[in-house]
Amino acid sequence: MSTKTATTAKADDITASLTELRKQTPALENIFNAFGPLAEAQAAILDTLADWGGFSLPVPNPARFTDGVPLLTDMDLPHFGSRFQQSLQGLAVAAQKGLPATADDIRAAMTVLEQGDAGLELARAIWDDDMGRLQALASKAGVSPDATPDISRENMLPMFSLLGSLALGPFMQRMARDGAKSIGNLQWSKGYCPICGSFPDMSLLRKKESMDSEYLAAHGGQRWLHCSCCGHLWRFRRNVCPWCETEDHKQMEYLQSEDWKTERVDACNSCKRYFVTLDTRELAQVPDTRVAPLGLVHLDIVAQEKGYLPMAETVWNRLG
């Protein structure tokens, strides 16, 4: 299997990439201002997790793995100690900075999450995808007599989900670093992440690294998918839809600007899903994959206007 260890770059690399993206695409300055602080905060938290040992990764089962069962399936919730609460607080500050319109909702959510074990309850809800547990937490926020009138229970559920997912991100990236080593020699053919099972938020086209014909296409480029959750990179076949796995090339549509030949949308008319793609083969400098999708949001707009849905819904591509 062709796989890449989740990024070991430092938080400073995020800032440097954001600076370059601002120069290249000044029209997206509002996107970089809104979501850049979140990426920087996650990267800073990841930097503190080098010595975190609160998890024990499953030993890969080659047969199950080859059949498409991701590594972390059935894994117990890691032991976070106080680190998850620190991650929550850091991401809440970053979200208030980048998304000031949500500041009241964030404060209301954090009022609940700073009490007792509520933060760990949120981690459990996100880890188990437990909507009931998430709703129970959200119902405690924004309902006091002196609460801001605009704060409602309807606002709280997506806010808790957002904060929990953002805070869990650095831990997922940390586990993916070790996970990538344990699955490196195993076969994986799915369009969702072999580590955590999430779909990609973007793909990279890279120069070929081998003569493995299953993954090659015209000009010898290889497609690498970037996980929207843990940041893992894995190689996937060209001209195959990661979502529905159709191999019918007539169902594939590519949306590309005449001005930017290295950027495009890969869309599937069979399942109506899309992802953005960056062709790195001719780029002198490749942006950090943790923020590269921010520089492609204009392509998300084009794709969604044409009726396609993102393969992975992220905080920055929820445009509807």
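Tutor: Two residues are in contact here when heavy atoms of theirs lie within 4.5 Å. With that cut-off, residues 24 or more positions apart account for 67% of the contacts in the chain that have a separation of 6 or more. The structure is a predicted model, in which local features need pLDDT of at least 70 and side-chain atom pairs count only at pLDDT 80 or more, while totals for chains, interfaces and linings use all residues. Residues are numbered from 1 along each chain as its sequence is written, and side-chain values use heavy atoms, with hydrogens and water left out.

Student: What share of the residues of the chain counts as buried?

Tutor: A residue is buried under 20% relative accessible area, exposed over 50% and partly exposed in between, judged with a 1.4 Å probe and protein chains only. Here 52% of the 320 residues count as buried. As for area, which comes from the Shrake-Rupley method with a 1.4 Å probe and, for residues, with only the protein chains shown as cover, the chain exposes about 14,900 Å², and carbon and sulfur atoms supply 48% of that.

Student: Which residues are buried in α5?

Tutor: Helix α5, residues 103-113, is mostly covered, since 8 of its 11 residues are buried. They are Ala 103, Asp 105, Ile 106, Ala 108, Ala 109, Met 110, Val 112 and Leu 113.

Student: At what angle do α1 and α2 pack?

Tutor: The axes are lines fitted to C-alpha atoms, for helices over the stretch in contact, and the angle between N-to-C directions runs from 0 to 180 degrees. For α1 and α2 the angle is about 165°, with the axes 8 Å apart. Angles under 35 degrees count as roughly parallel, over 145 as roughly antiparallel, 65 to 115 as roughly perpendicular and the rest as oblique, and so α1 is roughly antiparallel to α2.

Student: Is the crossing of α1 and α2 left-handed or right-handed?

Tutor: A crossing is left-handed if the near helix is turned anticlockwise from the far one by less than a right angle, and right-handed if clockwise. The crossing of α1 and α2 is right-handed. Its contact includes Ile 14, Thr 15 and Leu 18 of α1, and Phe 32, Ala 39 and Ala 43 among the residues of α2. By class, where Ala, Val, Leu, Ile, Met, Phe, Trp, Tyr, Cys and Pro are nonpolar, Asp, Glu, Lys and Arg are charged, and the others, Gly among them, are polar, this contact of α1 with α2 has 8 nonpolar, 3 polar and 4 charged residues.

Student: Where does Thr 15 lie?

Tutor: Thr 15 lies in helix α1, residues 11-24, and is partly exposed, with a relative accessible area of 36%. The C-alpha atoms of Thr 15 and Ala 43 are separated by 9.7 Å, although the two are 28 residues apart along the chain.

Student: Which residues of α2 meet α4?

Tutor: Helix α2 (residues 29-47) packs on helix α4 (residues 83-98) at about 160°, with the axes 8 Å apart, and therefore α2 is roughly antiparallel to α4. The crossing of α2 and α4 is right-handed. From α2, Asn 33, Ala 34, Pro 37, Leu 38, Ala 41, Gln 42 and Ile 45 take part, and the residues they meet in α4 include Ser 87, Leu 91 and Ala 94. The contact of α2 with α4 divides into 8 nonpolar, 5 polar and 1 charged residues.

Student: Which residues does Gln 42 touch?

Tutor: Not counting residues up to four places away in sequence, Gln 42 touches Leu 91, Ser 165, Leu 166, Gly 169, Pro 170 and Gln 173. Gln 42 counts as buried at 15% relative accessibility. Ser 87, in helix α4, is buried too, with a relative accessible area of 0%; leaving aside neighbours within four places in sequence, Ser 87 is in contact with Ile 45, Ala 167, Pro 170 and Phe 171.

Student: Where does Asp 129 lie?

Tutor: Asp 129 lies in the loop between α6 and α7. Its phi is near 50°, a positive value in a residue other than glycine, and Asp 129 is exposed, with a relative accessible area of 66%.

Notes. Helices (H or I, at least four residues) and strands (E, at least two) are DSSP runs, numbered from the N terminus.
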